[in-house]
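Work through the exercises below with the sequence and the coordinates open. Each task is followed by a solution in steps.

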Amino acid sequence: MKKHSFKLAVLALCAAMGIYLLFTYVIKPEAPLPIEMAAPAFELTDVDSGDKVSLESTNGKARIVYFYFANCPDVCPPTTFLLSEVQEKLEKSGKLGTKAELISITFDPVRDTPEVIKAFAERNFAQPNGWKFLRGDDEEQTIKLARDFGVSVAKVEDGSFAHMNVITIVDQDGQIRKWINGSDENVTSDTILGELNKLL
């Protein structure tokens, strides 16, 4: 043993170095998402159940939060469909409603009645056990909430809205960890899921 101890030590050192290089340059560990800011508190109505839903009541799960309006002529429908693909993948992995959920919040409560929102949710195959569609009673308050989340919104003369198309990742403790540009052509459901999975 003593005769080969130096060779064994060299082999062990080489093996350790190989493992280090493998994990450093080949299998790079996922970098944790930084905390951007605390998500603003809210209490809104779930159009499916009629229950009040708050930021605090949804803590314990990682969340994808998206502000939209159902009459949106451009970015909201395709982005919501993109989120439906995320929902499907979360469901297949057993994480939907248990470890993660989606929350869509309208900033147009005047036109987005519960019936309109339910129809919008159904068109996008939303599963109530893991995807909440929330509505407030006051337009100004929900616009302010969107802005507090970092989503710029402005009402235009025709009653429509100009807004940033932002998907927000919120962690289990109510901290915003990532903003994703929903209009970026390179963003896919796997992109969004990859960021969310960094919290799961």
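## Exercise 1: Aromatic pairs

The structure holds nine aromatic pairs. Take the pair formed by Tyr68 and Phe133. Classify the geometry of this pair and state which parts of the chain the pair ties together.

Solution. 

1. In this predicted model, the ring centres of Tyr68 and Phe133 are 6.0 Å apart, and the angle between the planes is 85°.
2. Pairing requires centres within 6.5 Å, and planes over 60 degrees apart count as edge-to-face. The Tyr68 and Phe133 pair is therefore edge-to-face.
3. Tyr68 belongs to strand E4 (residues 62-68) and Phe133 to strand E6, so the pair links parts that are 65 residues apart in sequence.
4. Both Tyr68 and Phe133 are buried.
5. Tyr68 and Phe133 also belong to one aromatic cluster, together with Phe120 and Trp131.

## Exercise 2: The second largest pocket

Give the volume of the second largest pocket, then describe its lining by element and by class.

Solution. 

1. The volume of the second largest pocket is about 170 Å³.
2. Its lining consists of Asp46, Val47, Asp48, Lys118, Ala121, Glu122, Ala126, Gln127, Pro128, Trp131, Lys132 and Phe133.
3. At least two lining residues come from helix H3 (114-123), and at least two from strand E6 (131-135).
4. Sorted by class, the lining has six nonpolar, five charged and one polar residue.
5. Trp131 and Phe133 are among the lining residues, and both are members of the aromatic cluster from Exercise 1.

## Exercise 3: The largest pocket

Find the volume of the largest pocket and the element that gives the largest share of its lining.

Solution. 

1. The largest pocket holds about 250 Å³ of space.
2. It is lined by 16 residues, and those closest to its centre are Glu43, Leu44, Gln141, Thr142 and Leu145.
3. Two elements give two or more residues to this lining: strand E2 (43-46) and helix H4 (139-148).
4. H4 provides the largest share, with five residues.

## Exercise 4: Confidence

State the average pLDDT of the chain and name stretches where the pLDDT is below 50.

Solution. 

1. The average pLDDT of the chain is 89, and 84% of the residues score at least 70.
2. Residues 4-16 have a pLDDT below 50, and this stretch makes one contact beyond near neighbours in sequence.
3. Residues 18-25 also have a pLDDT below 50, with four contacts beyond near neighbours in sequence.

Notes
Residues are numbered from 1 along each chain as its sequence is written. This is a predicted model: local features need pLDDT of at least 70, side-chain atom pairs count only at pLDDT 80 or more; totals for chains, interfaces and linings use all residues. Side-chain values use heavy atoms; hydrogens and water are left out. On a 1 Å grid over the protein atoms alone, a cavity is a set of points where a 1.4 Å probe fits but cannot get out, and a pocket is an open set with protein on both sides within 12 Å along at least five of seven lines; lining residues have an atom within 4 Å of a point. Grid points are joined across faces, edges and corners, and a volume is the space filled by probe spheres set on the points. Helices (H or I, at least four residues) and strands (E, at least two) are DSSP runs, numbered from the N terminus. Ala, Val, Leu, Ile, Met, Phe, Trp, Tyr, Cys and Pro count as nonpolar, Asp, Glu, Lys and Arg as charged, and the others, Gly among them, as polar. Rings of Phe, Tyr and Trp (its six-membered ring) pair if their centres lie within 6.5 Å; planes under 30 degrees apart count as stacked, over 60 as edge-to-face and the rest as tilted. Buried means under 20% relative accessible area, exposed over 50%, partly exposed in between (1.4 Å probe, protein chains only). pLDDT is the predictor's confidence in each residue, from 0 to 100. Contact means heavy atoms within 4.5 Å.
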